[in-house]
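Q: Could we read through this structure together, feature by feature, with the general idea before each case?

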Amino acid sequence: MSGVDDPITAETSAQLGNYTRYEVTFTRGEGVQLFDAGGEAYLDMLCGIGVTTLGHAHPAVLEAVSAQSARLLHTSSLFWTEPAERLARRLVELTFAEKVFFCNSGTEANEAAIKLARSHAGRQGRQAHEIVVLSDAFHGRTMGALSATPQEDKQRPFAPLVPGFKVVANDDPEALRAAVDDDTCAVLLEPVQGEGGVQVISDELLLAAREACDAVGALLIFDEVQCGIGRTGTLFAHQQTPVVPDVMTSAKALGSGLPIGAMLVAEGCADALPPGSHGSTFGGNPVACAAALATLETVADDDFLTRVVDLGGYLKEALKPFGRVSGRGLMIGLDIDPELDAPGIVRSMLYEQRVIINATGPTTLRLLPPLIARSEHADRTVAALEAVLAAAAAQ
Ligand SMILES: *Cc1c(COP(=O)(O)O)cnc(C)c1O
């Protein structure tokens, strides 16, 4: 194998240039820290965009992954395996769901949900194929999930999109009610939007979606790919709202860094995907499921979740002097002065302060700290941000 002794850059990399990457190569992680090739430590307040939610090399995850890797890696979906069944049963115990489907990513979980919703409508004898989505939504990059993601720059190069998606404003319950009709098979939304700025969807809108779906027999689908798995202070974000969905998708933090997605389905909807109708070669992978079960057992604990709420409150309070703070628990957005450039702030945080955060737009910073972080990590982040923002404002 040829070496990568020199720093990897966009120019020297053999990988396709579809990502904008920072000029840092990480080789190791431990707890809240990442270490670069030179051994330099960074505070990871982003967790791989909300994935390594228990920090790096968490003992419970490490133990589950190594034990399961030694035992069995893969069998295909022609056979049962124990880790997937254990994980499915635990998810059913902890949620509204009756059945679970496993795949490998968030976008795949949403594809499954889109297919389930269309198939379900047909089986109910409804000629309904439309899916209502919200402005600023992000549901993934494959063609179905992309079609549900009303962001011009992401959609335009890949037209024509999958037809049948209708967009309403993410803060307008009446518009949502009006959009749901006999052609609607589902409403799909993130209870807390992630990529489109950190935006908490109001209970009023969630209730309107629930009522409108019930009135016509459409499914309410929550995409908790980013806001689930303890991120907002409850195991799933909707558990802090008055609304329960029919279908929920999960991924990102579910596997603590191993690729896994899941679609959770309420009683009465699971039949819409009968044998042969949908599948995934790697779905339900034993190692990914073992990692997910270890993650779930750690996060689904009242004391653990209380600490998420407490640290989230502490961090949000400390960020208030810098701009408008949004989000729930440890899913936090900070709208900074529009005169400042959020991506530039993120770069300075990384290169000068060695603190990892990111930006979800030109003026919104996003923090997704590991749920195991403590107040000293919040303090260090706030001090770094204060220094960087002051320097940027002085320019
Ligand atoms: C990241 C994300 C997705 C896509 O997940 P992938 O694993 O990247 O396919 C879908 N929905 C939401 C809300 C996300 O944040």
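A: Let us begin with accessibility, keeping in mind that the model is predicted. E40 has a relative accessible area of 38% and is therefore partly exposed, and R354, with a relative accessible area of 24%, is partly exposed as well.

Q: With which residue does E40 form a salt bridge?
A: The general idea is to look for a side-chain nitrogen of Lys or Arg within 4 Å of a carboxyl oxygen of Asp or Glu. In this structure E40 forms a salt bridge with R354, and the closest N and O atoms of the two are 3.5 Å apart. Because E40 lies in the loop between β2 (33-36) and β3 (41-44), while R354 lies in the loop between α11 (342-351) and β15 (355-356), the pair ties together parts that are 314 residues apart in sequence.

Q: Where in the chain are E130 and K166, and which parts does the pair link?
A: The side chains of E130 and K166 meet in a salt bridge, with 3.4 Å from N to O. This pair links distant parts of the chain, since E130 is in strand β5 (residues 130-134) and K166 is in strand β6, 36 residues apart.

Q: How far apart are the closest N and O atoms in the salt bridge of R156 with E152?
A: They are 3.0 Å apart. R156 counts as exposed because its relative accessibility is 52%, and E152, at 52% relative accessibility, counts as exposed too. Elsewhere, salt bridges that share partners join R90, E93 and E297 into one network.

Q: How many salt bridges does the count come to?
A: By this rule the count comes to 18 salt bridges.

Q: Which residues are around the ligand?
A: Here one reads the shell first by its members, and then by their classes and contacts. The residues around the ligand are S105, G106, T107, N110, F138, H139, G140, E190, D223, V225, Q226 and K252. By class, this shell has two nonpolar, seven polar and three charged residues, and helix α4 (residues 106-123) gives the most to it, with three residues.

Q: What lies 2.6 Å from an oxygen atom of the ligand?
A: That atom is a polar side-chain atom of K252. A polar side-chain atom of Q226 lies 2.8 Å from an oxygen atom of the ligand, and a polar backbone atom of T107 is 2.8 Å from a ligand oxygen atom. Taken alone the ligand exposes 380 Å², of which the protein buries 82%.

Q: Which residues make the nonpolar surface patch of about 250 Å²?
A: The patch is made by M143, F158 and V162, and V162 is placed in the loop between α6 (152-155) and β6 (165-168).

Note on methods:
Residues numbered from 1 in each chain as written. Predicted model: local features only at pLDDT ≥ 70, side-chain atom pairs only at ≥ 80, totals over all residues. Heavy atoms only, no water. Near = heavy atom within 4 Å. Polar contact = N/O pair within 3.5 Å; in protein donor to acceptor, adjacent residues only side chain to side chain. Areas by Shrake-Rupley, 256 points an atom, 1.4 Å probe, with all protein chains shown as cover. Helix = DSSP H or I, 4+ residues; strand = E, 2+ residues; numbered from the N terminus. Nonpolar A, V, L, I, M, F, W, Y, C, P; charged D, E, K, R; others polar. Patch = residues over 30% accessible without salt bridge, like charges linked within 9 Å, V, L, I, M, F, W, Y side chains within 5 Å. Buried < 20%, exposed > 50% of the residue type's maximum accessible area, 1.4 Å probe, protein only.
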